[in-house]
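The sequence and structure are shown first.

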Amino acid sequence: MIFAKELGDTLRGALGDDERVVLLGEDIADPYGGAFKVTRGLSTAFPQRVRTTPISEGAIAGISAGLALAGYRPIAEVMFGDFLTLMFDQVVNHIAKYQKMYAEQATCPVIIRAATGGHRGYGPTHSQSLEKHFLGVPHLRVVAASLYHDPRVVFADFLGRDEPVLYVEHKLLYPQHLTPPVGGRVGDLIATSDNAPGMLPTVRLSAVPAEDCTVTVLAYGYQAMLAAQVIERLAIEEEIFAELVVPAQIAPMDWAPVERSVAVTGRLVTVEEGADGWSWGSEAASVISRRLFGKLRQPVDVVASEPTIIPSSKPKEADVLVGSARIEAAVRAAAR
Amino acid sequence: MSTALAPAQDGTDERLTGIPGEPLAHRRYRRMRFIRRFEETLLQLFEEGALNGTTHACIGQEADAVAVTEHLVEGDHIFSNHRCHGHYLAHSGDALGLMAEIMGKEAGVCRGLGGSQHICAPGFKSNGVQGGIVPNAAGIALANQLSGNDAVSVVFIGDGTLGEGVVYETLNMAALWKLPLLVVCEDNRWAQSTPIAANLAGDMASRFAAFGVPVREVDSTDVEELSGIAGEEVAAVRSGAGPRVLLIHTYRLCHHSKSDDERPEQEIAERWLVEPLLVHGRRLDESDRKRIEDEVETALSEVVATARASA
Ligand SMILES: Cc1ncc(C[n+]2csc(CCOP(=O)(O)OP(=O)(O)O)c2C)c(N)n1
């Protein structure tokens, strides 16, 4: 089943299982069911707890915060991740702070779901991956949807814990089939799952056993899907063997699976769709360089999009955003 | 006159929150005096260098806090702003918890992490970000609505906060969803150093009316008058009719925070003549007033001593 549908089913299950779950977002009610149709059917089934809202991102986040403080489990949808900027104050100065500044006398477990990413020609204000601006916020978890992580597992984790979380859903994942590891494989790739306590699983994918890989690729979300295609192709066509590490939680990070892989390969390429500089990849480069200084055979390569606006024109957009070609070039360069 | 007012919380000092059986007028005076002297003590402690950071006193606005909180019951929720001491003390009577908090002690309501503007206690929260708490209070109101109880959510804001956009996003949604939310806007004429004339275009009350939210406007420092009106507003919100706004025109007699004040001296002097303790104090016999003041004084000095000695 495709990701958008599985996510919708997950939300339906959550609403059915737990009276405290409330969905808020713009245009999420039936018959429209949300800009990407994730919530279709839910407002009919749960009219009180699935509420379409005005175009008011600050209030959507702020009302969710109040619900969470009062013991509910709000899930707020951001129609386009670009408008997370309008929630930034609520996330940083309200949602993420309450539990700590109130000395654990309150919790604020808001779940924010944001449709992010480009490659669809939506242009400069509807195509961005702005999650890097949220990565360093203390007490906020940032989790990225991927084809290798079942949203049921992900949301069970969110709803079972008291912390707020930002869940970024790349738009191009919605129509894709989910492919979580089955029997140690994802398609033709070998799959391993690292399950550190308190963390969502990190999935590692490779065409040959990890011990035989010479490059580590670290990627999340839609870019992880592209990276998986790249490492599979390079393995078959050129015998370049890379191990792809796909975390679900991108902040705070569980670096252990990355370290384990890089300890073998000595080479790390990070991939993200957000703009280059001050990014997830820069943090990875910093952490891995510190921890594995002697074992790295070359500097960490950070692959990210051009730090500029995302054009609407298809060829111009492709020049700006990371895609398969850039990932492939970086992996080849690292393997040389 | 309402007789079903919220009782003092368990474990609080009756000398600060009200002696059982004493007339309502006495209790109101006692509570306002408690808030006034608590804050004057804070300012003194600041001058001694005993406190860290900053603090925003509500001197001159005590009647608002006492009047509104009188009508709240268990299950109701207050969300307050940077100028939250009066609201908190009127709600909880917890002088020691707040004093220790502002002193940065472990014994404080938030173990010294929150300080003056970030308080959490049962039925009460505050945050120092202007405007951002309004949707939070609306979220609590939505929780009450979904739970099917008749609890109300009260949020205190200042006139300057009417510049924040999220306030209007929230008013719109609260009105659409008929949330049990009471917005108490304390218009004390100044936002930090900026007078409303330089802050606010158009008419204050119309801003709320634009969303179809009923506004009750009152220009008063009289706790009795304010309490009567607040009681009606709280009851209306509790009845499920949707959000309402209580717009109180008042005045801040002290500086904004610590010692920043460029306001005209004459303007301030005039307002001291109609300050809430004076207005309401006239209703009490001189001897009762004096006795209450002495009791508050003794209780507060014990609080300060205990807070100083605490870890
Ligand atoms: C979002 C935000 N901007 C600025 C400030 C700094 N600040 C603290 S209090 C204040 C003035 C608030 O005025 P008003 O809302 O009228 O409340 P009052 O202080 O008069 O009670 C300002 C600007 C803040 N705390 N939050």
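What relative accessible area does B:Glu106 have, and is B:Glu106 buried or partly exposed?

## A pair with partly exposed partners

In this predicted model, B:Glu106 has a relative accessible area of 48% and is therefore classed as partly exposed. Its salt-bridge partner is B:Arg111, with 3.2 Å between the closest N and O atoms. B:Arg111 is likewise partly exposed, because its relative accessible area is 40%, which lies between the limits of 20% and 50%.

## A pair within helix α2

B:Arg37 and B:Glu40 form a salt bridge whose closest N and O atoms are 2.6 Å apart. Both residues belong to helix α2 of chain B, with a spacing of three residues, about one turn of the helix.

The two partners fall into separate accessibility classes. B:Arg37, at 16% relative accessible area, is buried, whereas B:Glu40 is partly exposed at 27%.

## A pair between helices and its network

A salt bridge joins the side chains of B:Glu295 and B:Arg30, with an N to O distance of 2.7 Å. B:Arg30 is buried, its relative accessible area being 0%.

Both residues also take part in a network of salt bridges that includes B:Glu22, B:Asp288 and B:Arg291.

## Overall count

Over all chains, the structure holds 44 salt bridges. In general, side chains of opposite charge can pair when their charged atoms come close.

Definitions and conventions:
Residues are numbered from 1 along each chain as its sequence is written. Chains are lettered from A and ligands numbered from 1 in the order in which they are written. This is a predicted model: local features need pLDDT of at least 70, side-chain atom pairs count only at pLDDT 80 or more; totals for chains, interfaces and linings use all residues. Side-chain values use heavy atoms; hydrogens and water are left out. A salt bridge is a side-chain nitrogen of Lys or Arg within 4 Å of a carboxyl oxygen of Asp or Glu. Buried means under 20% relative accessible area, exposed over 50%, partly exposed in between (1.4 Å probe, protein chains only). Helices (H or I, at least four residues) and strands (E, at least two) are DSSP runs, numbered from the N terminus.
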